[in-house]
There are 2 protein chains.
Amino acid sequence: MRTDYCGNINASHIGQTVTLFGWVNKRRDLGGVIFLDLRDREGIVQVVYDPDIEDVFATANSLRNEFCVKLTGLVRARPDSQVNQDMRTGEIEILGKTLEILNKSAALPLDWNQENSEEQRLKYRYLDLRRPVMTERLLFRSKVTGAVRRFLEDDGFLDIETPILTKATPEGARDYLVPSRTHKGQFFALPQSPQLFKQLLMMSGMDKYYQIVKCFRDEDLRADRQPEFTQIDIETTFLDAEGVMAITERMIRGLFQQMLDVDLGEFPRMSYAQAMQDYGSDKPDLRNPLKIIDVADILANVEFKVFAGPANDPKGRVACLCVPGGASLSRKQIDGYADYAGIYGAKGLAWMKVNDLAAGPEGVQSPIAKFLSPEIITELLMRTGAQTGDILLFGSDTYNVVTESLGALRLKVGNDLSLNQGEWRPLWVVDFPMFEEVDGQFHALHHPFTAPRDMTPEELAANPATALSNAYDMVLNGCELGGGSVRIHQQDMQATVFDILGITKEEAQSKFGFLLEALQYGTPPHAGLAFGLDRLVMLMTGASSIRDVMAFPKTTTAACPLTNAPGVANSEQLTELAITTVKKTEE
Amino acid sequence: MRTDYCGNINASHIGQTVTLFGWVNKRRDLGGVIFLDLRDREGIVQVVYDPDIEDVFATANSLRNEFCVKLTGLVRARPDSQVNQDMRTGEIEILGKTLEILNKSAALPLDWNQENSEEQRLKYRYLDLRRPVMTERLLFRSKVTGAVRRFLEDDGFLDIETPILTKATPEGARDYLVPSRTHKGQFFALPQSPQLFKQLLMMSGMDKYYQIVKCFRDEDLRADRQPEFTQIDIETTFLDAEGVMAITERMIRGLFQQMLDVDLGEFPRMSYAQAMQDYGSDKPDLRNPLKIIDVADILANVEFKVFAGPANDPKGRVACLCVPGGASLSRKQIDGYADYAGIYGAKGLAWMKVNDLAAGPEGVQSPIAKFLSPEIITELLMRTGAQTGDILLFGSDTYNVVTESLGALRLKVGNDLSLNQGEWRPLWVVDFPMFEEVDGQFHALHHPFTAPRDMTPEELAANPATALSNAYDMVLNGCELGGGSVRIHQQDMQATVFDILGITKEEAQSKFGFLLEALQYGTPPHAGLAFGLDRLVMLMTGASSIRDVMAFPKTTTAACPLTNAPGVANSEQLTELAITTVKKTEE
């Protein structure tokens, strides 16, 4: 039996004989003495084999990287010159006494000393996960889920499983379908979230529910999307928004304290409107000090139509970012930012370098300076608080284009110029609109079960465009960690929302009839929230992709190079399921 | 805010004003005083409304069953005559001071005072779960998973998630398929277990893995099967069978101690061969004292061919059960048992009642007595240890028919005559055969990754029919709680097993190529086990079906009457997935 993990052996074990299991991380022959780095999930320890015990030495000499071995040895202090303070085991080494090869290893198809392609890493995931950085991330993730569970269970939350084989949901993104064998021609859907089931559990009186649960979305994959992902799903009865926010903020603060020794402090609140106005985003990264500064009033009367037009249009916006140190940007860099803003619909990027603030309007450099009077330029400098060496980057277009393009530019410039301050900047975004209007049609900004804030069904029906929802998002460093809302618990309110969304009575009945029916049997007020576990762990570990905190992720085309999933089904199976595949036709 | 749950209010709160939320379980008007039973997930408390506060009393008077309310009141001792020691809250009652109706309720479609159909219970599952017995089961289940997680995490196990969208597995039962949109014509499969992934995690050096995880089998459903079910899945590195059995036995013993205050004691071991011989089952219910007693040697030379034939056939078996008190069975009851044995292939059921043991062979009553000499009858009575009032039930046929039919009869008779002794009788069944042979073809008794016990690949290839596997099942009260094995960790052994199973090199390569490849990179010895969580909780709560310990189970035709899943998919979705449904043809 193992005495301890390799990574846990330290000076307190000096003089003890230990038994270890692990993998040969490195083998070196230094002047007739074999040095092994033996690795297990907790770390690496150095083992030394002298030639005294002939057969053991011969075995040690035959070892190659990634051989799996069992050994015993005596823990001793390293000579002072060899102490490595960067390793947890760096004060000691083990004088090997016995050695048994449990399994040999061929040369690995992955070279850990260089970048391997994503495809190779996923094909040999079991080897990629042996890399200490990857092992540590999975260990960290396991500790996070354990800590979250203990927090919630100690707080009275019940872990209740909801079905994976369920009915298609109405949440925008695409469902994965599963053909039914017993009900031929019909399909289950994999859940995009357990939303309706957790609401039903509140109707059941379970009071406080949580689940760390797989959810599924058949979307086109981007860097941070996976076909299956994991939610920390929470729902409570008799708590309002403040109650849910208090519990979940306490949970996340506790988690950062426990796992990273970081005190996140109390989370500030920001309205959706303010977040969009100042940061051009509903998930502002507050580490970035830049804000979008409105200047329409200053530019409303200039002759330069590019500014004057939107400045006088009620649906327009004229605003700018004041970027510290940005005066050193090259013309090419500025052109690059203009292209970037173009992705968000901006037709150009006016700029103004403040080369010498003391020189006033004379001290600025800008292609548009000629269109602006010295007074206007002075006003711009005062409004933005620009300093010598800064650059102003202007947006002038519709409200949405300016807000989105400057919001995106803010993040890009902030990263490029290393403007971010502080490591962790959480906040709550609240007071979302209930609906967004696209082409005269209202859509739910969260989902159709979200309650409005302080409104009767009649008031909501009369003012859908301005209604605020009782929803809240937890945002950290520009990422949405989680989002939730108070849910509708009364039938007339739910019917009103379906009506505003243009869902007919028949459609509502066929899709959500069971929910509407359930609302009539003493449904309690309830509210909840769901966190994206993968993203949370990614942020906490500093990984650059959620793939790096999942054991077996899919590629960006939703495939698994390790198992070769998906694969072709045999025709018997398809016959049983009463489906056939359609050959791809020329289009 | 709530002071506490209804079910938690007790004598220690007397004199305090409490705020409670809950549902009206019952409302009675007794002489102008309203008595409410207020219910939440933790229990029921009695609230009394006097007519003094007029408007509050009017509200109390308007309450109906299942209204959801918030109230405050003063906790006071009940008059001695009304103390109910059977209720946790039975010493106190609450004098209501305020009352707010949070939501009304229509009359429930389920009548809790009578049996409701399974279909109705599932359609209104959110109401069925309000029944205290159902609520308690879900609370119990949540506590079980919490306790299991804490045990395993404290023991160094990592909670690691494995994919739900994966490749078809070779484990007998049918896979649920999920058409891929990005890889048209191809399918994911939902996992029947995370077997291969947990083995890959051991190859990754994760050392100790666990997961409480959904698994899927598209089988024809029986009373104790569901399309999706939950496993406590465990895998360890560098532990042998003893090591895994020790940890998991400790876990289950700890769980029973903690949840039920039951000491299961040390689990006895029994070989598969002995279990089949004595109990006719690989999961013997040891509460039942009956054993199958072999009597072929006694009956080998009788003229009665029904006995003599199988007694002299190397593949035959002649055996009996000695049922205490069975002499009182009627002819009709015995015929019933004969029919029951017939389900398992028995062509009849010979019997012998011991009406008076002291009278020797004269004291028995049996249609077959006339074929047997007094000496033979005496030998049978001595071998079986029969007492006056017992009955002997005989099986005589092939080994399998006798073993299975008497094994099944043993359980049925034991239940019918209430012979079971003791509440909890766990054991380990070990030394399973590696393979079972059907029509000259070997099949894996567990799965094809199970290691043989103490054999080289060459020895295994030479003796597949007699090889024992290094597998172990934990059995409790006749149910398999969990099963596991030491896994094959060497490529030549895995290839040998595939070969014995008749899996060609090409097939092995296409299905398990990644596993065979992985085995060459220093795969460690590893072993594991998986428990069926649903069945475990069912046994522990005394529920009669796993459906009663799941929040949202499916019907026996794998449908959900609540959400109406599965449902018809729209044609756009199917086009995107490049599949079509096949109309049912006349057959």
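The model is predicted, so to speak of local features a pLDDT of at least 70 is needed, side-chain atom pairs count only at pLDDT 80 or more, and totals for chains, interfaces and linings use all residues. Residues are numbered from 1 along each chain as its sequence is written, chains are lettered from A and ligands numbered from 1 in the order in which they are written, and side-chain values use heavy atoms, with hydrogens and water left out.

**Where chain A meets chain B**

- Chain A brings 118 residues to the contact and chain B brings 118 residues, where contact means heavy atoms within 4.5 Å.
- The size of an interface is often given as the accessible area lost when the parts come together.
- Here the area buried between chain A and chain B is about 10,100 Å², and carbon and sulfur atoms give 58% of it; buried area is the accessible area (1.4 Å probe) that two parts lose on being put together, summed over both.
- Between the two chains there are 12 salt bridges, each being a side-chain nitrogen of Lys or Arg within 4 Å of a carboxyl oxygen of Asp or Glu.
- One of the salt bridges joins Arg174(B) to Glu576(A), with 2.6 Å between the closest N and O atoms.
- Polar contacts link 57 residue pairs between chain A and chain B, both residues at pLDDT 80 or more. A polar contact is a pair of N or O atoms within 3.5 Å; within protein, one must be able to donate a hydrogen and the other to accept it, and residues adjacent in sequence count only if both atoms are side-chain atoms.
- On the side of chain A that touches chain B, helix 4 (residues 132-154) of chain A gives the most, with 11 residues. Helices (H or I, at least four residues) and strands (E, at least two) are DSSP runs, numbered from the N terminus.

**A strand pair across the chains**

- Strand 24 (residues 579-581) of chain A pairs with strand 23 (residues 579-581) of chain B in the antiparallel sense over three bridges; two strands pair if DSSP finds at least two bridges between them.
- In this pairing, Thr580(A) stands opposite Thr580(B).

- Buried means under 20% relative accessible area, exposed over 50%, and partly exposed in between (1.4 Å probe, protein chains only).
- Both faces of strand 2 are covered, with Phe35(A) among the buried residues on one side and Leu36(A) among those on the other.
- Strand 1 (residues 17-30) of chain A pairs with strand 2 in the antiparallel sense over seven bridges, and Arg28(A) has Phe35(A) as its bridge partner.
- In the hairpin of strands 1 and 2, which has two residues between the strands, Gly31(A) takes a positive phi near 55 degrees.
- Strand 2 also pairs with strand 3 (residues 43-49) of chain A, in the antiparallel sense over seven bridges; there, Gln46(A) is the bridge partner of Asp37(A).

**A buried arginine in chain B**

- Arg125(B) is found in helix 3 (residues 125-128) of chain B and is buried, with a relative accessible area of 1%.
- A polar atom of the side chain of Arg125(B) lies 2.8 Å from the backbone oxygen of Ala551(B).
- Not counting residues up to four places away in sequence, Arg125(B) touches residues including Ser204(A), Met134(B) and Phe552(B).
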